[in-house]
Amino acid sequence: MQISMIGTGYVGLVSGVCFSDFGHDVTCVDNQPDKVEKLKRGEVPIYEPGLDEMMARNMAADRLAFTGDLGAAVAASDAVFIAVGTPTRRGDGHADLTYVYEAARQIAANLRGYTVVVTKSTVPVGTNQEVERIIREAAPEADFDVASNPEFLREGAAIEDFMRPDRVVVGCTSDRARDVMHNIYRPLSLREAPIQFTDLESAELIKYAANAFLATKITFINEMADLCEVTGANIKDVARGMGLDNRIGSKFLHAGPGYGGSCFPKDTSALARIGQDHARPVQIVETVIRVNDNRKRAMVDKILDLCGGSVNGKRIAVFGVTFKPNTDDMRDAPSLVVVPALVGGGAEVRIVDPQGQKEGAALLPGASWHEDAYEAAEGADAVVILTEWNAFRALDLQRLGDAMAVPAMADLRNIYAPDDARGAGFTYISIGRS
Ligand code: UDX
């Protein structure tokens with residue numbers, strides 16, 4: 001299969017590289033010339049474990065190429081994937097579809113032979129119909145179908161998620177398009193991943209519904225954690241007891257400082273808008289958004305409590321600022337609320353993060369960056385664990401406490417056992433456990 005991938009952002013690049021690894025001929029297109037040049041040299045612009053190696057392997061095998069020439073790539077393709085950004089529009093919370101529709105217009109001008117135009121970007125219900133209308137209007141003679149193929153990749157585990165998905169969702173309207181999509185994903189059927197074929201609107205909604213449900217699950221367990229703190233229950237035990245029920249499942253029941261990232265905040269907000277636009281408000285999701293926003297601020301209060309009511313003049317070491325481990329992504333990370341509040345409260349904030357500095361330095365002014373956890377904690381009045389990087393999971397607590405002025409820890413990801421931390425002399429608070 002000849003595939004072109006429009007947009008080499010996170011989703012486009014991972015998907016393009018993985019499709020080439022299936023054995024398809026893939027051309028990734030981007031309109032930023034310097035980005036294309038870097039990709040051609042094999043430079044990976046994002047941090048994603050395993051991606052650089054897979055990219056190099058498929059470029060060497062001549063199955064993966066990068067170009068700025070959208071026309072030539074589209075003309076040669078059996079399937080064209082649109083994987084451009086759909087950021088939250090300023091002001092109204094809608095997904096901004098400017099880039100999707102612009103891609104559709106450019107694709108229309110270059111279609112040759114039967115082609116399936118597949119939307120991979122996360123788009124509101126009805127967008128694929130609009131993509132079809134735009135192409136039909138611009139190129140009435142073109143032989144094409146549209147399809148919706150949302151992605152469910154987690155940052156940091158994107159290759160694993162692409163190669164071993166729980167399911168692949170494809171919305172399409174013709175048997176011809178279905179056959180093309182089937183061929184594209186055929187390598188996965190060997191691994192027994194179900195491909196769910198459905199209509200365009202259902203495929204579009206599945207993506208939002210799945211992400212909003214997961215965001216709700218996290219927010220639910222976070223509220224249970226708050227309840228544990230005042231009742232003396234233990235959130236780890238509560239989550240385990242809930243998760244052992246197969247109908248609930250144990251995943252996404254880790255209480256923490258609130259969800260962030262490039263998907264959950266954007267998709268919950270877009271789903272809430274879709275509901276409002278159709279006069280069917282999704283009230284649970286509206287509440288989840290509000291509760292999660294408040295939670296990030298509540299984390300600041302927790303740290304203030306640990307520090308005796310004020311952080312003024314205190315040295316605080318913050319371990320982890322990316323929205324989760326194994327990524328350099330800072331989007332909607334709890335740290336963006338917590339660190340400025342600590343700096344604003346007069347604290348000296350010392351950050352350690354294995355990947356966060358590149359993006360985080362500009363976003364978290366007033367804090368200093370450190371390579372080593374023990375060094376960052378030197379003379380500190382408190383350590384705050386905000387992101388559960390592996391590097392922070394097995395620290396020598398005795399050594400850490402000895403380095404600090406006051407051994408106090410806010411473990412907002414519950415990575416240490418309270419008894420161990422207290423045994424090492426720490427004043428220790430965590431989430432949903434006393
Ligand atoms: C998510 C979805 O998992 C993926 O399917 C979708 O396509 C894109 O959005 P991602 O944003 O990469 O992926 O991260 P994920 O691992 O899902 O975590 C999202 C946020 O939830 C993080 O801030 C994480 O810390 C938080 N989280 C996750 C919890 O607080 N508790 C949990 O139990 C799980």
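**Exercise 1. Pairing of strand 12 and strand 13**

Task: Determine which residue of strand 13 is the bridge partner of Val-383, and state in which sense strand 12 and strand 13 pair.

Solution. Step one: in this predicted model, the bridge partner of Val-383 in strand 13 is Met-409. Step two: strand 12 and strand 13 are joined by three bridges, and their pairing is parallel. Step three: consider the side chains of strand 13. Met-409 and Asp-411 point one way, Ala-408 and Ala-410 point the other way, and all are buried.

**Exercise 2. The sheet and the helix packed on it**

Task: Give the order of the strands in the six-stranded open sheet, name the edge strands, and identify the strands that helix 12 touches.

Solution. Step one: the order of the six strands is 11-10-9-12-13-14, with parallel pairing. Step two: strand 11 (368-370) and strand 14 (427-429) are the edge strands, since each pairs on one side only. Step three: from one strand to the next, the twist averages 20°. Step four: helix 12 (residues 283-306) packs on this sheet and touches strand 12 (382-385), strand 13 (408-411) and strand 14. The direction of helix 12 makes about 165° with that of strand 13.

**Exercise 3. Strand 9 and strand 10**

Task: State how many bridges link strand 9 and strand 10, and find the partner of Phe-319.

Solution. Step one: strand 9 (residues 315-319) and strand 10 (residues 348-352) are linked by five bridges in the parallel sense. Step two: Phe-319 has Val-352 of strand 10 as its bridge partner. UniProt, in an unreviewed entry, assigns residues 317-418 to the domain "UDP-glucose/GDP-mannose dehydrogenase C-terminal". This span is 28% helix and 19% strand, and its end C-alpha atoms lie 19 Å apart.

**Exercise 4. Cys-263 and the ligand**

Task: Locate Cys-263, decide whether Cys-263 is buried or exposed, and describe the shell around the ligand.

Solution. Step one: Cys-263 lies in the loop between helix 10 (235-243) and helix 11 (264-277). Step two: there are 24 other C-beta atoms within 10 Å of Cys-263, and the cut-off for a buried residue is 20 or more, so Cys-263 is buried. Step three: the unreviewed UniProt entry places the feature "active site" at Cys-263. Step four: the ligand is surrounded by 20 residues, the closest being Glu-155, His-254, Tyr-259, Gly-261 and Cys-263. Step five: the shell consists of 10 nonpolar, six polar and four charged residues. Helix 9 (residues 200-231) supplies the largest share, three residues.

**Exercise 5. His-278**

Solution. Step one: His-278 is in the loop between helix 11 and helix 12.

Methods: Residues numbered from 1 in each chain as written. Predicted model: local features only at pLDDT ≥ 70, side-chain atom pairs only at ≥ 80, totals over all residues. UniProt positions renumbered as here; feature names shortened; annotations may be inferred. Helix = DSSP H or I, 4+ residues; strand = E, 2+ residues; numbered from the N terminus. Buried ≥ 20, exposed ≤ 12 C-beta atoms within 10 Å, placed from the backbone. Pairing = 2+ DSSP bridges. Axes fitted to C-alpha atoms, helices over the stretch in contact; angles between N-to-C directions. Contact = placed C-beta atoms within 7 Å. Near = placed C-beta within 6 Å. Nonpolar A, V, L, I, M, F, W, Y, C, P; charged D, E, K, R; others polar.
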